[in-house]
There are 2 protein chains.
Amino acid sequence: MKRIKLVVAYDGTCYNGWQIQPGQRTIEGELNQALSDLLGEDVHVIGASRTDSGVHALCNVAVFDTETRIPGEKISYALNQRLPEDIRIQKSEECSADFHPRHCESRKTYEYRIYRAEFSMPVKRLYSHFTYVPMNAELMREGAAYLVGEHDFKSFCSVAAQVESTVRTITDIQVLTEGDEIVIRVTGTGFLYNMVRIIAGTLMEVGRGSYPPSKVLEMLEAKDRQVAGPTAPACGLMLVKYEFLE
Amino acid sequence: MKRIKLVVAYDGTCYNGWQIQPGQRTIEGELNQALSDLLGEDVHVIGASRTDSGVHALCNVAVFDTETRIPGEKISYALNQRLPEDIRIQKSEECSADFHPRHCESRKTYEYRIYRAEFSMPVKRLYSHFTYVPMNAELMREGAAYLVGEHDFKSFCSVAAQVESTVRTITDIQVLTEGDEIVIRVTGTGFLYNMVRIIAGTLMEVGRGSYPPSKVLEMLEAKDRQVAGPTAPACGLMLVKYEFLE
């Protein structure tokens, strides 16, 4: 028995998120099916980041155990032939048998992409959130600065989440402008349910002038989901970097 | 009666190209249908660039004549509500009654995008051509330089084309690298059928070392489609700029 680590990229447009659900198309479900067919075993992957419906990833991580004699680094090639074209393994390798991607220290970076123009642009529509509302990126940058560090992010977490603690650490937030796009790039050691989308939704309200950047500090201190901005749409969100720290 | 000019953006993935064909989904067909429904007239647009199946555009141009009293610049808003989300009017305005987008001097820029990596990347798959073959952009740049200027591009034109002359002018070609992508950016006053895709296919052969950059000059001189490289896949091609010179 050996444990294999996969780096998984996907276009989340046509999936009901990562986590397997009966009767739904999910990334985890597709991986389990393709791996079970390939290896002739009943395979269940463990995912690092259980991304929501419609969210994209360049580099999510999954592990699974197998008896196969196929070398770890060759599994990517064989597996990609069995996966739909909107899921692609970027790397496969054998890892330590006790490596669990959710029980080990890591640092993830998400990008939330906003396309700001009078009309939407078809070739951007699947990977960025369109708005015709003018946005001031400098105000968004000011608001974002309050979120860096260790904080109780209870206001930036969907009520559905049931976790022991809502304290998390954001190590960096950047608000970048690329032509007509604004990219919110958030790096942290852990994220609550919908946290990046609520941060994006809140910073967009700051960017359009609904409230001043300093309101973000008040929101943090309120520890109440009702006071923060809306959850921004899933299509703009992408997991772009995943580092394991041990 | 007035003539309206539209700037049209689209994701060509789900279309059989621009030109209307019975029983096929085309950009022209969708525009005619949405305009006829909106205006209550039988509308037929004239397109500037009749892009192929699967090719994308940020800014194709179309004109049509109408009796409507809706101001030209308002048509974009009303029309976008009737179009599918992979077609979006970027601008509408009244133009001169004798403006014909194919019978007037213009300069177009196309980009051909190549994603070079070991495995394809799902979120890039619709808008770039994937190859795992290493590509030397510097060799591609050397080969491209032979194509700038006025030349007989007969070797770079699909045999299906029936045109009086195969002489065209390329004003600029750049081969840019953006991370793992190579972008071939071609500007010219006119293009033959499949010309940019054959140029891209040929430069990719140069980039992978199949023949030296100087072979491109021999291909031009041969005036024979058989000697140039393959027609690169449509998904990597996008019309990115359109200027009318008069």
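K223(B) is found in the loop that joins helix 5 to strand 10 of chain B. Please keep in mind that this is a predicted model.

- Most residues other than glycine have a negative phi.
- K223(B) is not a glycine, yet its phi is positive, at about 50 degrees.
- With 15 other C-beta atoms within 10 Å, K223(B) is partly exposed.
- N194(B), also not a glycine, has a positive phi of about 65 degrees.
- The loop between strand 9 and helix 4 of chain B is where N194(B) sits.
- N194(B) is buried, because 22 other C-beta atoms lie within 10 Å and the cut-off for buried is 20 or more.

**Helix 4 of chain B**

- Helix 4 of chain B runs over residues 195-207, which makes 13 residues.
- From first C-alpha to last, helix 4 of chain B reaches 18 Å, close to the 18 Å expected at 1.5 Å a residue.
- Most of helix 4 of chain B is covered, with 12 of its 13 residues buried.
- Those buried residues of helix 4 of chain B include M195(B), R197(B), I198(B), I199(B), M204(B) and E205(B).
- After helix 4 of chain B comes G209(B), which has a positive phi near 90 degrees.

**Helix 3 with helix 4 in chain B**

- In chain B, the axes of helix 3 and helix 4 come within 8 Å and cross at roughly 130 degrees.
- Helix 3 and helix 4 of chain B are therefore oblique to each other.
- The crossing of helix 3 and helix 4 of chain B is right-handed.
- Helix 3 of chain B brings A137(B), L139(B), M140(B), G143(B) and A144(B) to the contact, while helix 4 of chain B brings L203(B), V206(B) and G207(B).
- By type, the residues of this contact in chain B are six nonpolar, two polar and no charged.

**Helix 3 with helix 4 in chain A**

- In chain A, helix 3 (residues 137-145) and helix 4 (residues 195-207) have axes that come within 8 Å and cross at roughly 130 degrees.
- That angle makes helix 3 of chain A oblique to helix 4 of chain A.
- Helix 3 and helix 4 of chain A cross in a right-handed way.
- On the helix 3 side, the contact in chain A is made by A137(A), L139(A), M140(A), G143(A) and A144(A); on the helix 4 side, by L203(A), V206(A) and G207(A).

**Where chain B meets chain A**

- How many residues does the contact take from chain B and from chain A? Chain B gives 21 residues and chain A gives 21 residues.
- On the side of chain B that touches chain A, strand 1 (2-10), strand 3 (56-66), helix 2 (75-80) and strand 4 (87-95) each give two or more residues.
- Strand 4 of chain B supplies the largest share of that side, four residues.
- The residues on the chain B side divide into 11 nonpolar, five polar and five charged.

- D11(B) has its place in the loop between strand 1 and helix 1 (27-39) of chain B.
- D11(B) is buried, with 23 other C-beta atoms within 10 Å.
- Not counting residues up to four places away in sequence, D11(B) touches P122(A) and V123(A) in chain A, and H56(B) and D86(B) in chain B.
- K91(A) belongs to strand 4 (residues 87-95) of chain A.
- Is K91(A) buried or partly exposed? K91(A) is partly exposed, with 17 other C-beta atoms within 10 Å.
- Leaving aside neighbours within four places in sequence, K91(A) is in contact with V7(A) and S76(A).
- K91(A) and E73(A) are 18 residues apart along the chain, and their C-alpha atoms are separated by 7.1 Å.

Terms used
Residues numbered from 1 in each chain as written. Chains lettered and ligands numbered in written order. Predicted model: local features only at pLDDT ≥ 70, side-chain atom pairs only at ≥ 80, totals over all residues. Axes fitted to C-alpha atoms, helices over the stretch in contact; angles between N-to-C directions. Parallel < 35°, antiparallel > 145°, perpendicular 65-115°, else oblique. Left-handed = near helix turned anticlockwise from the far one by under 90°. Contact = placed C-beta atoms within 7 Å. Expected span 1.5 Å × (residues − 1). Nonpolar A, V, L, I, M, F, W, Y, C, P; charged D, E, K, R; others polar.
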